[in-house]
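Thanks for asking me to look this one over. Please have the sequence and the model open beside you while you read my notes.

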Amino acid sequence: MAHPLQRQAEIVELSPVGAYHRLVLRAEDIAERVLPGHVVAVAVGGPDSAMLMRRAFFVHRADPDEQTLEIVFSEQGGSDQGRGTRELAQARVGGTLDIVAPLGNAFPVPNGPVSALLVAGGHGSVPLFGLADLIREHGGSVSFILGAPDAGRLFGVDRAKELTPDVLVTTEDGSYGIRGHVTLPLAEAMKAIDAGVVYASGPTSVLRAVTETATKLDVRCFTAVEETMACGVGICGVGTCLACVLPVVGDDGVSRFARACVEGPCFDGTRVRWDDIGTVPPDVEGAAAMDLGVTGAY
Amino acid sequence: MAHPLQRQAEIVELSPVGAYHRLVLRAEDIAERVLPGHVVAVAVGGPDSAMLMRRAFFVHRADPDEQTLEIVFSEQGGSDQGRGTRELAQARVGGTLDIVAPLGNAFPVPNGPVSALLVAGGHGSVPLFGLADLIREHGGSVSFILGAPDAGRLFGVDRAKELTPDVLVTTEDGSYGIRGHVTLPLAEAMKAIDAGVVYASGPTSVLRAVTETATKLDVRCFTAVEETMACGVGICGVGTCLACVLPVVGDDGVSRFARACVEGPCFDGTRVRWDDIGTVPPDVEGAAAMDLGVTGAY
Amino acid sequence: MTDATTFVAPLEGGSVDMTAPFGGGGTLPNPVTTASGCAGYGRELAKFQPLAELGSITTRTVTPQPRSGRATPRMAETPSGLLNGIGLPGVGIAHFVENELAWLAERGARVVVSIAGERVDQFAECAQWLNDGPAVVGLEVNLACPDADNQGLAFARNPATAHDVIQAVREVADPALPVYAKLTPDVASVTDIAKACVRAGADGLSMINTPLGMVIDTDTLRPRLSTTAGGLSGPAIRPIAVRCVYEVHAAMRAGEITTVPITGMGGIRAGLDALEFVLAGASGVAVGTAIFHDPGAPLRVLAELREALAARGFAKLTDAVGHAHQ
Amino acid sequence: MTDATTFVAPLEGGSVDMTAPFGGGGTLPNPVTTASGCAGYGRELAKFQPLAELGSITTRTVTPQPRSGRATPRMAETPSGLLNGIGLPGVGIAHFVENELAWLAERGARVVVSIAGERVDQFAECAQWLNDGPAVVGLEVNLACPDADNQGLAFARNPATAHDVIQAVREVADPALPVYAKLTPDVASVTDIAKACVRAGADGLSMINTPLGMVIDTDTLRPRLSTTAGGLSGPAIRPIAVRCVYEVHAAMRAGEITTVPITGMGGIRAGLDALEFVLAGASGVAVGTAIFHDPGAPLRVLAELREALAARGFAKLTDAVGHAHQ
Ligand SMILES: Cc1cc2nc3c(=O)[nH]c(=O)nc-3n(C[C@H](O)[C@H](O)[C@H](O)COP(=O)(O)OP(=O)(O)OC[C@H]3O[C@@H](n4cnc5c(N)ncnc54)[C@H](O)[C@@H]3O)c2cc1C
Ligand SMILES: Cc1cc2nc3c(=O)[nH]c(=O)nc-3n(C[C@H](O)[C@H](O)[C@H](O)COP(=O)(O)OP(=O)(O)OC[C@H]3O[C@@H](n4cnc5c(N)ncnc54)[C@H](O)[C@@H]3O)c2cc1C
Ligand SMILES: Cc1cc2nc3c(=O)[nH]c(=O)nc-3n(C[C@H](O)[C@H](O)[C@H](O)COP(=O)(O)O)c2cc1C
Ligand SMILES: Cc1cc2nc3c(=O)[nH]c(=O)nc-3n(C[C@H](O)[C@H](O)[C@H](O)COP(=O)(O)O)c2cc1C
Ligand code: FES
Ligand code: FES
């Protein structure tokens, strides 16, 4: 895990990109530590805000020379949601934001040339472009499948097309590219580019499906988890609240709850027990002690 | 009491005036109802603010043609204070503020010519200029004593001097005018201008002293209470929370707790039991029932 | 969106049947009322909304004699909350019936009168005054008062004293008038108190009254309120209030307590807050502290709750009551 | 500024003696610790501040066996608060002593180990493991756990069971190690529980653990947490916590409870919040939920508290303890 720093970051830019907001922050000593997959936790609201929890975002771009970090976020929907991102969208250029970064681990990157497929749902593409650069620096090649519910919620299609002609786009309402789920062209694409590794970022359903297909085709697969736990991946940004756990199989074959904000967000997809997220699988370490016949909110 | 309206007021202007901020708000149907002494209650912070209580401010100026209200406020000091006014000072021109106005009663104004002394401590002068205009419209004349801890916290000296040559200024640190308390030149000034009425606005200590002197000299005296109850004059702006009470003697000679936000903020100074503020005088209506030997936080 | 997400066809807001069960088998046109002490006797609130459009208005607690209330400071702001030590100021039951109730009746308001005393018989005395009161649709017994015969421990913090008060009120009150017991969360088991009250004849439960809190002024170095401690209200306490309603409703579903309607309150600012209480098991909701921020809150909450129910496909308010237990 | 304002000559921040009484007659270099469960076993927090500079670090609650904790979702944000149903995940006492405690000792941290169980003997079992533990300066007994022998009612909600746990721990623990009882506010009288614990041998009291709360998701229509209810923390509950500390300290001043040090916690975000607890009667303060917002909070709170004491003319922390009662 990266060693996170806490900084009062200056807001350098805040501008719309389609349905998203691009936020550029300047903070000392952070950009040079950031790798693709790392996260920044932003405190929303000031000292008199009713919101205590930091909000987590993937770093989209880090510029060590300019000492800047770029994040891309959307205002959350849902009937009682979006309080934090709505407030963030109101931030003022020139003001400051309290950030903790870099958090979590980065995507493992092959140290040689490889054909990589990068799959994203919605804003899941945010961390994939830095990853693509790294892969290409190592002589590899990249292809993309980018999906979203509709055209407005796609992010980075143009940028992907600059990098490679192999860009497939899916939207659930058919407003752009193939109508359907991002996982629709998955198997075919993997075969077509003879993928040696697939990286996926987005909703759990996407990550699960990518892992399944990759496993079937015997291709390595790394996933960046995020919305698996609607309550609070990255809520503390410290690794101490233990709200962000998901069951992951260790090297020793034992399942443990891993923290998405420390041991993650990037996991080998085959190690994540996708179907057991949101449960306490009986064989997870320490599960036995959870059920002595007493229930309670502790 | 005025019939208050709730409005989403547009922020037309926010600019510094010495140690104060001038805030001009546009809202329908309110300006024409406002009289000097009336109050506007402003909701600070949005739906995700931890601050639930409105903040009360005197209306400085109301312009029915422009549909605007002007308030003048300072950021509160104190170690754990000033949260609301600090946030208000950050408001954005073009944005909106949720206001309730006009609240409370207005200063009683003589319907004929009279020589009036207007005494204010700190921002207490805010409501006095509208009052001065009314008095002059009725053929009366005005004089001022304006005091503050230091020169920076005086408000309206220039404006007062435009209206009359009879302006005395006091500061506690002597940084402007007479060194001392605003009540120092009181008796002399009242005699010098042969005051028929004195109006006072500011801290309780000022109001109490003005009342005493006026009573001695047998001059009518109206006071606008405000910081008498540090906890929450105007906290609800509705008249239902009963946080803002002070003991006031009624026409029938019976003392009752009167609400500063409904029956006030303007009271005949001789009716207010200044020394009993912050207590339950045994003869106040309903006091007997308060002490059945049981104490408790209810 | 989790797997537990339910899918329902949204309805038009206007078509939701908002009729709310009210104790004793009766109903009110809608579930929204005002929390006692936060809407006075209605006069001030009437400037911001027609009282007759609310399901009911719950008055400030009325006591046998007029009370001045406590010394100021009576109120302090806390994070997302409010601390008050107002001390039940009021005009006394006689003056209330003659003046305030008459005024409310003229406006077509349905009135729930909150009553209290420091001894069991004082509660009963208040109840008796209200038997022929115009516009009165129910009584709410404020059990948070200190019991003069029990070292000042609030009636609501002891099942036995809570029981005695409710029984005494139920005995003298017009049988047609539902009697609600108002409970506080400062107990080891709110279900035990609820059970005692229902056994004593309560036709409904109001939850919650303010948990006790304190603010210390770091300038004066003394408690901020003249009463030292005070009652904490507002969104800060909403999770505690929702939990109390859920717990008691669960006990009703389990048959441990006879089912009676619950009026939920504690930090309701918006329709979705009210919906939380309804889903937890409340068939009525009261708006309190939010009024001080937004005097139009009660009627706004009603409109928002109606919309929220419609959007979730509930044709009737009652279909949503306790839905979170399914 | 009210008449009660006190005037004192301000001091330089650096010159305040922050030495804090700690149970059993001992002291700690300063009053600030971390609230159990909010700083893990210290490893993550150490990235943001040197642990040895804190008065102590209180660990996440350790249980006899490793525990996975509850299913997700385990956390929900509430107005100025946080609701959690984490479920005491942990490595178990054996692994804790061998690995975590050794690591903490290397960093020079003074460690208060929070322990718990579901039966009285499990608490004692944990305590025994810690008798020779390096760096351990005290035990904190988390009484908020459900009592398996008492239908799952939390030990802290019943004076008798609270008493038994403390007595059992006190019996086996090294007499030189102070034992703190951690209390919850969900009781009719926190003073009664405090009394029972002190009578059973508690050398100090930690107040408060999280009151029970609930959030219902208005999209899924179900409780937000997998545990249904959870513990409410953060500034929202601060007034409740300050009141509990004040009440118990008042009972100590009145001689109803033997005086032992109190560690106050609940919504401390800044030095002035900590000062409120000190004035109410706490000689120690724990920073919990604030860490999730600001991982450097514990050390910042210490610095701010020192400044605040200095500005008010307190030469020693202990001069301010309980000052609001004067
Ligand atoms: C590792 C990680 C990386 C992320 N990267 C991005 C990104 O690059 N761009 C982007 O737009 N969004 C990203 N998100 C999602 C983003 O954190 C949420 O959209 C945001 O927290 C919502 O906050 P809110 O206050 O607007 O919503 P609210 O619903 O009001 O938030 C309520 C609570 O739920 C949590 N929450 C809500 N939605 C999510 C979610 N989808 N995932 C996790 N927690 C959530 C919030 O943190 C908060 O505690 C990322 C999340 C994680 C965990
Ligand atoms: C009738 C009336 C008229 C006023 N007119 C003006 C004016 O024209 N210009 C101006 O600058 N100020 C005026 N004030 C004072 C103004 O309301 C306070 O300065 C402001 O509420 C402080 O809010 P805060 O959040 O910055 O302070 P905080 O200390 O953070 O507020 C905490 C709480 O204390 C209350 N409070 C704090 N100070 C005061 C105070 N002096 N009086 C009443 N309540 C207080 C707040 O409402 C809030 O509930 C007036 C107050 C009243 C009651
Ligand atoms: C200023 C104030 C006065 C109150 N007075 C009473 C009262 O007279 N009787 C009563 O039963 N409850 C009283 N309460 C409690 C409320 O009715 C309600 O139970 C509590 O405030 C929680 O709801 P809320 O968070 O919406 O305010 C009062 C609350 C406040 C804030
Ligand atoms: C995520 C989380 C986990 C907690 N875990 C524990 C625990 O393991 N043992 C315990 O005694 N208290 C636990 N608590 C309670 C805290 O120690 C503290 O008593 C409470 O949160 C109030 O302080 P705060 O408002 O500063 O967080 C936990 C609180 C939170 C928020
Ligand atoms: S977010 Fe707190 S441990 Fe991961
Ligand atoms: S401020 Fe609420 S009654 Fe006056």
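1. Ground rules. This is a predicted model, in which local features need pLDDT of at least 70 and side-chain atom pairs count only at pLDDT 80 or more, while totals for chains, interfaces and linings use all residues. Residues are numbered from 1 along each chain as its sequence is written, chains are lettered from A and ligands numbered from 1 in the order in which they are written, and side-chain values use heavy atoms, with hydrogens and water left out.

2. Ligand 1. Around ligand 1 there are 22 residues, and the closest are A:R55, A:A56, A:V72, A:G84 and A:T85; a residue is listed as near if one of its heavy atoms lies within 4 Å of the molecule. Some polar contacts (pairs of N or O atoms within 3.5 Å; within protein, one must be able to donate a hydrogen and the other to accept it, and residues adjacent in sequence count only if both atoms are side-chain atoms) are worth checking. An N or O atom in the side chain of A:R55 is 2.8 Å from an oxygen atom of ligand 1, and a backbone N or O atom of A:G82 lies 2.9 Å from an oxygen atom of this ligand. The side chain of A:E226 places an N or O atom 3.3 Å from a nitrogen atom of ligand 1.

3. An annotated pair in chain A. The unreviewed UniProt entry marks A:G84 and A:T85 as "binding site"; UniProt positions are given in the numbering used here, feature names are shortened, and annotations may be inferred rather than shown by experiment. A:G84 lies in helix α1 (residues 83-88) of chain A, and A:T85 lies in helix α1 too. Helices (H or I, at least four residues) and strands (E, at least two) are DSSP runs, numbered from the N terminus.

4. Surroundings of that pair. Are these residues buried or exposed? A:G84 counts as buried because its relative accessibility is 3%, and A:T85 counts as buried at 7%. The cut-offs are under 20% relative accessible area for buried, over 50% for exposed and partly exposed in between, with a 1.4 Å probe and protein chains only. Leaving out residues up to four places away in sequence, A:G84 touches A:V44, A:M51 and A:R55, whereas A:T85 touches A:F57, A:F73, A:S74, A:E75 and A:Q76; contact means heavy atoms within 4.5 Å.

5. Ligand 2. Of the 22 residues around ligand 2, those that come nearest are B:R55, B:A56, B:V72, B:G84 and B:T85. A polar backbone atom of B:G84 is 2.6 Å from an oxygen atom of ligand 2, and a polar side-chain atom of B:T85 lies 2.4 Å from an oxygen atom of the ligand. For B:E226, a polar side-chain atom lies 3.4 Å from a nitrogen atom of ligand 2.

6. Ligand 4. Here 21 residues surround the ligand, with D:S36, D:T61, D:K182, D:G267 and D:T289 the closest. Backbone N or O atoms reach oxygen atoms of ligand 4 at 2.9 Å from D:I208, at 2.8 Å from D:G234 and at 3.4 Å from D:G266.

7. Strands in chain B. β1 (residues 5-17) pairs with β7 (residues 96-103) in the antiparallel sense over 6 bridges, with B:R7 opposite B:I99. Two strands pair if DSSP finds at least two bridges between them. β1(B) is also joined by 7 bridges to β2 (residues 20-26), again antiparallel, and the two form a hairpin with 2 residues between them, where B:G18 in the turn has a positive phi of about 60 degrees.

8. A sheet in chain C. An open sheet of 4 strands runs in the order β5-β6-β12-β11, with antiparallel pairing. β5 (75-78) and β11 (212-213) stand at the edges with a single partner strand each, so one side of each is left without a neighbour in the sheet.
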